[in-house]
Amino acid sequence: MISATKLKSVDFYRKIPRDLTEASLSGAGLSIVAAFSMMFLFGMELNNYLMVSTTTSVIVDRSSDGEFLRIDFNISFPALSCEFASVDVSDVLGTNRLNITKTVRKFSIDPNLIPTGSEFHSGPIPKVNKHGDDFQEEYSDGSDSLTAESFEKYAHQYDPEMDGRILLGKVDCTQEAELCRRHHIQGYPSIRIFRKGSDVKDNHGHHEHESYYGERDTESLVAAMETLVAPVPRESHKLALEDKSNNSVDTAKRPAPLTSGCRIEGFVRVKKVPGNLVISAYSGAHSFDPSQINVSHVVSQFSFGKKLSLRMLSELKRLTPYLGGSHDRLMGRSYITNRDHVNANVTIEHYLQVVKSEVVSRRSSQELKLLEEYEYTAHSSLVDSLHIPVAKFHYEPSPMQVMVTEVPKPLSHFVTNICAIIGGIFTVAGILDSILHNTLRLVKKVELGKHF
């Protein structure tokens with residue numbers, strides 16, 4: 001059996017009796033400095049261990065969402081009526097979707113971007129093949145389209161002297177531009193229905209009238225008007241001015257927009273190829289004066305990809321130094337043109353280059369996806385337009401993606417570094433103390449006249 005004496009012979013840390021040691025002020029000072037240095041370097045090493053360590057690489061896009069890309073948007077147009085606002089999508093593969101309504105909502109707003117009512121619903125319009133697809137107007141065989149030339153002919157179908165229930169009038173917006181602007185008329189011909197015989201502003205100053213959105217042929221228009229006046233007796237012209245707003249409602253009519261602005265929000269799914277998202281004034285039954293269309297807008301949101309969950313948002317905050325700075329680059333930006341300005345009749349174009357970023361973590365020899373998002377750069381310009389002005393968002397997805405890999409630091413490295421800090425400072429402090437102590441002894445000997 002090994003004796004205690006033999007076991008003590010392998011002791012690397014032999015002790016010196018305390019009576020044989022001597023304390024000094026220089027040693028105390030170095031000990032305090034060494035202790036603070038150890039604590040400081042320990043804190044720095046701990047902070048470095050807890051920090052996110054990443055490596056970045058560029059690879060071919062391997063998105064889990066397939067070949068489609070979601071675009072979320074919330075854009076306010078102070079001078080574009082919801083009555084004609086249309087969201088269209090096209091791309092280089094020939095896809096052309098007009099007047100998307102299934103995933104898009106519209107709200108009337110005033111010039112200060114404040115909502116003035118509930119959601120604006122388009123209601124029945126000339127027949128549409130499918131939500132979001134190209135659509136064409138379809139009229140019944142043998143019916144005549146209503147035009148400026150035929151208006152006079154059919155206007156006398158209800159003679160005020162004989163009937164008195166309907167009075168027809170027309171306004172030339174090229175001559176009465178200010179009148180049409182006050183009534184938010186942007187497309188021609190627009191048909192307004194005044195049940196009171198005048199446009200009385202009794203609802204917080206809003207116009208009290210309706211708009212006709214039915215088929216644009218004379219048979220449909222006459223049928224709608226007959227339904228409108230069916231409850232009204234043929235007694236006198238005075239009855240035409242009474243309020244009959246509580247009578248039967250035709251689906252081809254609904255209240256006209258209270259203001260000329262519109263907030264458009266929603267999302268569309270597009271293919272991952274270069275394309276355009278265009279917001280403009282469109283109607284298959286109206287024509288437009290380009291000089292009266294203003295597509296000034298304020299972007300509240302314009303982002304690509306899936307909406308981030310709460311867990312992803314927390315991860316995004318943790319990884320903010322690496323991601324998130326360009327997720328919604330256009331948010332909060334305004335693009336306003338003045339109608340009286342020389343650049344009033346303009347198209348506003350945005351050129352967006354989109355890159356996907358993906359963050360993964362390698363823990364326990366496994367790759368765990370933490371977060372994926374799309375970031376983009378944006379460049380905007382105002383372009384003089386001879387046609388109807390539009391707000392165009394040209395997007396160009398990149399075929400490559402950026403992969404940010406979070407590499408966790410081993411605990412063994414952290415422990416090794418801590419030991420190196422403590423041992424290194426202790427050794428260096430001992431060397432400095434020895435040098436300082438020997439120097440002081442030498443100085444004292446010189447003072448005493450002892451030379452060696």
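Which side chain meets Asp 61 in a salt bridge? The side chain of Lys 272 does, at 3.7 Å from N to O. Keep in mind that this is a predicted model, where local features need pLDDT of at least 70 and side-chain atom pairs count only at pLDDT 80 or more. Residues are numbered from 1 along each chain, and side-chain values use heavy atoms, leaving out hydrogens and water.

**Salt bridges**

- The whole structure holds five salt bridges, each a side-chain nitrogen of Lys or Arg within 4 Å of a carboxyl oxygen of Asp or Glu.
- Lys 272 sits in the loop between β11 (261-271) and β12 (275-281) and Asp 61 in the loop between β1 (54-60) and β2 (68-77), so their pair ties together parts that are 211 residues apart in sequence.
- Glu 119 pairs with Arg 105, with their closest N and O atoms 3.3 Å apart.
- Because Glu 119 belongs to strand β6 (residues 115-120) and Arg 105 to strand β5 (residues 104-109), this pair links parts that are 14 residues apart in sequence.
- Lys 356 and Glu 358 form another salt bridge, at 3.7 Å from N to O.

How values were computed
Helix = DSSP H or I, 4+ residues; strand = E, 2+ residues; numbered from the N terminus.
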